[in-house]
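Subject: Two-chain model for your review

Dear colleague,

I am passing on the structure below, and my notes on it follow. Please read them alongside the coordinates.

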Amino acid sequence: MNEHTPSLRPALPMHLWSRAVAAETGINAASCYQCLRCTNSCPVSAFMDIKPHQVVRFVQLGQREKLLECSSVWVCLSCEMCSTYCPNEIDVAGLMNFVKNSVIASHKRPAEVEIALFHEIFLEVLHKYGRMNDLQLMQRFKLKTLFTGCRPSYAEVKKDMELARELFQRGRLKLAPERSRAAREIRSILERRHGRVISS
Amino acid sequence: MIQMAYYPGCALQSMSWDYRESLKQVAGALDLQLLEVEDWTCCGATAAHSLDERMAVMLPARNLAGAEALGLPLAVACPMCFKRLALTRKMLQEKRVDDPWRLKLDRNLLDLARFFASARMLEKIRAQVRRPLTALRVVCYYGCQVVRPPKITGTTDYENPRHLDRLVAAAGAAAVDWSYKATCCGASMGIPKKQIGLALVAKLLVAARAAGAQAIVVCCPLCQSNLDLLQPELREQQGWEWELPILYYTELLGVAFNLPSIEAGLAGHLVDPRGFIEAWAGEGVSGQ
């Protein structure tokens with residue numbers, strides 16, 4: 001057995017995990033015959049470590065750990081090309097999303113911390129105001145990523161500042177965030193979440 | 001007078017206020033009354049479902065409840081919100097999620113751009129055009145969320161949507177065919193992973209220009225922001241000596257209706273379209 005083969009062996013008995021996924025999500029990965037239509041239609045497959053058709057294959061094979069560690073699911077844009085064009089009606093984007101949810105629920109560090117943190121900060125702003133605000137989101141996200149080891153270069157920071165100035169001058173950045181009167185209701189929904197993004 | 005419940009979404013309240021204002025003005029000119037859902041909250045967008053799908057559907061659900069209180073069909077301005085609301089509505093109908101609000105779900109959920117392109121609205125639009133944009137060629141860009149997945153959005157024309165094309169034609173302009181109508185712009189990925197955002201936006205802009213477009217007409221605040229705000233950086237990076245204005249369909253209609261208040265919003269675009277309007281209107285058509 002060479003170094004490439006072990007990944008193709010089921011890590012869990014297949015019927016356990018792929019059936020559990022089907023029961024939880026209603027998505028039947030078993031009907032995939034690897035036509036690659038999902039990967040070919042994906043606008044970001046070039047940026048993925050495991051391609052969409054491989055994600056489906058890994059679900060079939062019960063390779064849960066491998067999927068929880070991949071970056072593809074975080075790179076996925078949920079543009080739903082794969083789910084729309086699958087001839088066997090497998091909701092591939094739904095599988096990707098299920099893996100993302102599983103990473104968070106099992107308290108693992110996401111392979112793409114910055115992307116996951118962006119989602120986390122989005123919910124943080126939502127928790128506070130009940131609505132999104134671009135300036136709050138950007139400020140909090142930039143500040144947060146400074147402390148996670150993904151340090152932007154001086155040139156990148158300068159570019160961000162220039163864009164922010166330009167947007168501010170054109171009235172596109174709203175300094176006072178809008179608050180929904182129902183922010184409290186949103187908080188009670190958000191607090192039902194399973195897990196948090198682990199960034200370190 | 002047509003009345004509808006209206007869900008603007010967060011983008012229209014902050015960065016994309018130009019969409020909100022142009023929408024209000026065009027709706028006013030067409031005698032369409034949009035009643036904002038009271039105390040509406042964020043739909044959760046991509047972030048909420050990426051972290052916890054079960055929790056995420058509760059966010060649009062409470063907005064559906066707010067809309068139901070108005071007893072009117074719900075029109076949604078932002079495609080992302082529309083998709084999340086449509087998905088939630090379907091899950092509630094199929095009883096796949098809890099429903100503490102006991103929703104009836106007996107009113108329609110509409111994508112606002114598609115509603116504007118309905119036969120009766122098109123007729124009203126044609127009657128309002130004061131400055132037909134006869135010299136303008138555009139491509140229409142729909143993005144992902146109003147068309148995919150068709151099981152949720154209910155669209156049959158997901159490969160080649162045409163409703164924005166019809167609005168463009170009603171404004172007197174020409175909508176050119178191209179292959180990227182529903183190709184993803186990268187959504188919010190440009191913030192955590194800029195190289196992905198830049199790559200996807202560059203592909204769209206190059207394709208639009210190759211199709212001979214002088215502007216891109218959009219219906220999504222996220223698409224507009226990506227295509228507009230990343231252009232200065234792409235111009236520098238790629239050495240492009242051209243730029244493409246990115247207009248909401250409501251802005252295009254506002255210009256064709258000759259509503260002077262549209263210009264305030266246009267001034268907020270990084271690629272400022274104001275200088276082109278005279279040329280778009282073609283020859284022999286007076287501005288006022």
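Into which domains is chain A divided? The model is a predicted one, and in it chain A is divided into domain 1, covering residues 6–105, and domain 2, covering residues 113–190. The centres of these two domains of chain A, taken over C-alpha atoms, are separated by 30 Å.

As to secondary structure, chain A has 11 helices and 0 strands, so that its pattern, read along the sequence, is α-α-α-α-α-α-α-α-α-α-α. Along the principal axes, the C-alpha atoms of chain A fill a box of roughly 60 × 40 × 35 Å. Of the 200 residues in chain A, 40% are buried. Among the contacts in chain A with a separation of 6 or more, 71% are accounted for by residues 24 or more positions apart.

Chain B is likewise given as domain 1 (2–113) and domain 2 (131–280), and here 23 Å separate the two centres, again taken over C-alpha atoms. Between these domains of chain B, 23 residues of domain 1 are in contact with 27 residues of domain 2. On the domain 1 side of that contact, the elements of chain B that give two or more residues are α1, α2 (17–29) and α6 (79–93), and α2(B) gives the most, with 8 residues. By class, this side of domain 1 of chain B has 14 nonpolar, 4 polar and 5 charged residues.

Turning to the contact between the chains, 42 residues of chain B are in contact with 46 residues of chain A. On the side of chain B that touches chain A, two or more residues come from each of α1 (10–13), α3 (45–51), α4 (53–56), α5 (58–68) and α11 of chain B, with the largest share, 7 residues, supplied by α3(B). The classes on this side of chain B are 25 nonpolar, 10 polar and 7 charged residues.

Helix α11 of chain B, residues 194–210, also packs with helix α13 of chain B, residues 231–238, at an angle of about 85° and with the axes 11 Å apart. Because angles of 65 to 115 degrees count as roughly perpendicular, α11(B) is described as roughly perpendicular to α13(B). In this contact, α11(B) contributes B:Leu198, B:Val201, B:Ala202 and B:Leu205, while α13(B) contributes B:Glu233, B:Leu234 and B:Gln238. The residues of the contact of α11(B) with α13(B) comprise 5 nonpolar, 1 polar and 1 charged.

In soluble globular proteins, nonpolar side chains tend to be buried together. The largest nonpolar core in this model has 153 residues, and those with the most contacts inside it are B:Val76, B:Val138, B:Ile216 and B:Val217. Which residues does B:Ile216 touch, not counting residues up to four places away in sequence? With that exclusion, B:Ile216 touches B:Val138, B:Val139, B:Tyr141, B:Ala208, B:Leu227, B:Leu244 and B:Ile246, and B:Val138 is itself among the residues with the most contacts inside the core.

With best regards

Key:
Residues are numbered from 1 along each chain as its sequence is written. Chains are lettered from A and ligands numbered from 1 in the order in which they are written. This is a predicted model: local features need pLDDT of at least 70, side-chain atom pairs count only at pLDDT 80 or more; totals for chains, interfaces and linings use all residues. Domain bounds come from an automatic or database domain assignment. Axes are lines fitted to C-alpha atoms, for helices over the stretch in contact, and angles run from 0 to 180 degrees between N-to-C directions. Helices (H or I, at least four residues) and strands (E, at least two) are DSSP runs, numbered from the N terminus. Angles under 35 degrees count as roughly parallel, over 145 as roughly antiparallel, 65 to 115 as roughly perpendicular and the rest as oblique. Two residues are in contact if their C-beta atoms, placed from the backbone, lie within 7 Å. Ala, Val, Leu, Ile, Met, Phe, Trp, Tyr, Cys and Pro count as nonpolar, Asp, Glu, Lys and Arg as charged, and the others, Gly among them, as polar. A nonpolar core is a set of buried Ala, Val, Leu, Ile, Met, Phe, Trp, Tyr and Cys residues joined through C-beta atoms within 7 Å. A residue is buried if 20 or more other C-beta atoms lie within 10 Å of its own, exposed if 12 or fewer, and partly exposed in between; C-beta atoms are placed from the backbone.
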